[in-house]
Amino acid sequence: MPATPTGAGAVAPPVPVNVFDHAAVKVALDDEVIKELVGQGHEQDNTHSNIRIVCGVVCCAAAVLAHFYPVPWPESRPAVAVCCLVFLLSNAALQWLAWAHGNTVLTTCASPPRRRTFGAPVPARLPKPTPLIVRSWLPRFDHMYKLEIANRDEPGVSASASASITTWFSLDGHLDKPAFARFVRSLSDRLSKSS
């Protein structure tokens, strides 16, 4: 059996997706959208993810503190009440963030950060990419995938399109990445022309 390369330059073979599992299909398409837009020079903004992680850590810390508080139960009632309140508020914030950004696949920054190395001149600023909000929908038991790319700075400016997943997936579950990349690029180009 020949050895397969495992280094940094190795390309993994495409993994087929179960086309009857709408969640797996949506994840595969959303990942390709992210790869295409990041490949175009947009930088992912992880602010919402970081806030959700912090809310989750606060929830866990409040639960652990309430459970392992070093004072016996009747005397620790106020501390446990505060921990429960903190847990409930953090969990409510976490649920609100999940609801408010439910279909959002990607948000991008206004401009890429300028990296400076010691002693090297600062490179000339590249053209400023448009900050984007990317949303997608694939309802359960439906074959129509809808993608919307919107400008974060101008709320009314967006481009959206929908197409059947059979356009990009074969029956055995292999994604036609070049065709899907053309679909994403066409939406991105429509958005840049309308901005």
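Let's start with K177: its relative accessibility is 39%, so it counts as partly exposed. Some terms, quickly. Buried means under 20% relative accessible area, exposed means over 50%, and partly exposed lies in between (1.4 Å probe, protein chains only).

A word on the source. This is a predicted model, where local features need pLDDT of at least 70, side-chain atom pairs count only at pLDDT 80 or more, and totals for chains, interfaces and linings use all residues. Residues are numbered from 1 along each chain as its sequence is written, and side-chain values use heavy atoms, with hydrogens and water left out.

Now, salt bridges. The rule: a side-chain nitrogen of Lys or Arg within 4 Å of a carboxyl oxygen of Asp or Glu. How many salt bridges does that rule give? Six.

K177 pairs with E32, at 3.7 Å from N to O. E32 sits in helix α1 and K177 in helix α4 (residues 177-194), 145 residues apart, so this pair links distant parts of the chain. Helices here are DSSP runs (H or I, at least four residues), strands are E runs of at least two, and both are numbered from the N terminus.

E32 also bridges to K35, with the closest N and O atoms 3.5 Å apart. Why can they pair up? They are three residues apart in helix α1 (residues 22-39), about one helical turn. Is E32 buried or exposed? Buried, at 14%. K35 is exposed, at 53%.

Next, E148 and R135, a salt bridge at 3.3 Å, N to O. E148 is in strand β3 (residues 144-151), and R135 is in strand β2 (residues 132-137). E148 is buried at 17%; R135 is partly exposed at 26%.

Finally, shared partners join E32, K35 and K177 into one network.
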